[in-house]
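Open the model in your viewer and keep the sequence panel beside it. The stops below tell you what to select and what is there.

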Amino acid sequence: MAEPYVEQVEYLDVLTKIGKKIGKKIGGSKPRGDVHRDGDYHKAVHVWIFTESTQELLLQKRADCKDSWPGLWDISSAGHISAGDSSLITAQYKENNEARSLILQKQLRRYAPVSLTAEVVNFLQF
């Protein structure tokens, strides 16, 4: 008999406005849904895939089932940083690189290349 599916609750470290972790260990973290509901500051990691030879930036279209920005174009890869982890650990894979590379190559079909021929003239201040 198969084991019943139990949804894992993802915990995120809650941060101050300047990026300092609030509290120690679990006391300074909350479930992902609570963090988003409460508007808490939290860490995320962004990985941009850029091909120098073709000057292409790979983007992905977010799934329609996402709770934020569903169906819109997004960066190559992004995700929350789980409580207690670092951005570097979250962004890279240290184990089974060959298998992960093959999976990534298959997943690249979901990405759309964007040519970077436009020049950035100025930035908006928020």
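What do the side chains of Lys30 and Asp38 meet in? They meet in a salt bridge, at 2.5 Å from N to O. A salt bridge here is a side-chain nitrogen of Lys or Arg within 4 Å of a carboxyl oxygen of Asp or Glu.

Before going on, note that this is a predicted model: local features need pLDDT of at least 70, side-chain atom pairs count only at pLDDT 80 or more, and totals for chains, interfaces and linings use all residues. Residues are numbered from 1 along each chain as its sequence is written, and side-chain values use heavy atoms, with hydrogens and water left out.

**Whole chain**

Switch to cartoon. The protein has 3 helices and 8 strands. Helices (H or I, at least four residues) and strands (E, at least two) are DSSP runs, numbered from the N terminus. Trace the chain along the sequence and you follow β-β-α-β-β-β-β-β-α-α-β.

Now show the surface. The accessible surface comes to about 10600 Å², and 55% of that area belongs to carbon and sulfur atoms. Accessible areas come from the Shrake-Rupley method with a 1.4 Å probe; for residues, only the protein chains shown count as cover. Of the 126 residues, 16% count as buried. Buried means under 20% relative accessible area, exposed over 50%, and partly exposed in between (1.4 Å probe, protein chains only).

Turn to contacts, meaning heavy atoms within 4.5 Å. Among contacts between residues at least 6 apart in sequence, 52% join residues at least 24 apart.

**Salt bridges**

Go back to Lys30 and Asp38. Lys30 is partly exposed, at 22% relative accessibility. Asp38 is also partly exposed, with a relative accessible area of 38%.

Select Arg62 and Asp74 next. Their side chains form a salt bridge at 3.0 Å, N to O. Arg62 sits in the loop between strand S5 (56–61) and S6, and Asp74 in strand S6, so the pair ties together parts that are 12 residues apart in sequence. Is Arg62 buried or exposed? Arg62 counts as buried because its relative accessibility is 18%. Asp74, at 22%, counts as partly exposed.

Salt bridges with shared partners join Lys30, Asp34, Arg37, Asp38 and Asp40 into one network.

Now pick Arg32 and Glu10. Their salt bridge is 3.8 Å, N to O. This pair links distant parts of the chain: Arg32 is in helix H1 (residues 32–38), Glu10 is in the segment before strand S1 (11–13), and 22 residues separate them. Both ends are partly exposed: Arg32 has a relative accessible area of 23%, and Glu10 has 29%. The total count is 7 salt bridges.

**Strand pairing**

Select strand S4 (residues 49–51) together with S5. The two pair in the antiparallel sense over 3 bridges. Two strands pair if DSSP finds at least two bridges between them. Find Thr51; its bridge partner in S5 is Glu56. The hairpin of S4 and S5 has 4 residues between the strands. Stop at Gln55 in that hairpin, which takes a positive phi near 55°.

Move on to S5 and S6. They run antiparallel, joined by 2 bridges. Lys61 stands opposite Trp73 in S6.

**Two buried residues**

Select Ile75. Where does Ile75 lie? Ile75 lies in the loop between strand S6 (73–74) and S7. It counts as buried because its relative accessibility is 8%. Show what is around it. Leaving aside neighbours within four places in sequence, Ile75 is in contact with His46, Val47, Trp48, Leu58, Leu59 and Gln60. Check Leu58 in that list: Ile75 and Leu58 are 17 residues apart in sequence, with 7.3 Å from C-alpha to C-alpha.

Now jump to Ser29, in strand S2 (residues 29–31). Ser29 is buried, with a relative accessible area of 8%. Beyond its neighbours within four places in sequence, Ser29 is in contact with Tyr11, Leu12, Asp13, Val14 and Ala83.

**Last stop: an exposed glycine**

Select Gly84. This residue is found in the loop between strand S7 (77–80) and helix H2 (87–91). Gly84 is exposed because its relative accessible area is 63%. Gly84 and Lys21 are 63 residues apart in sequence and 9.9 Å apart in space.
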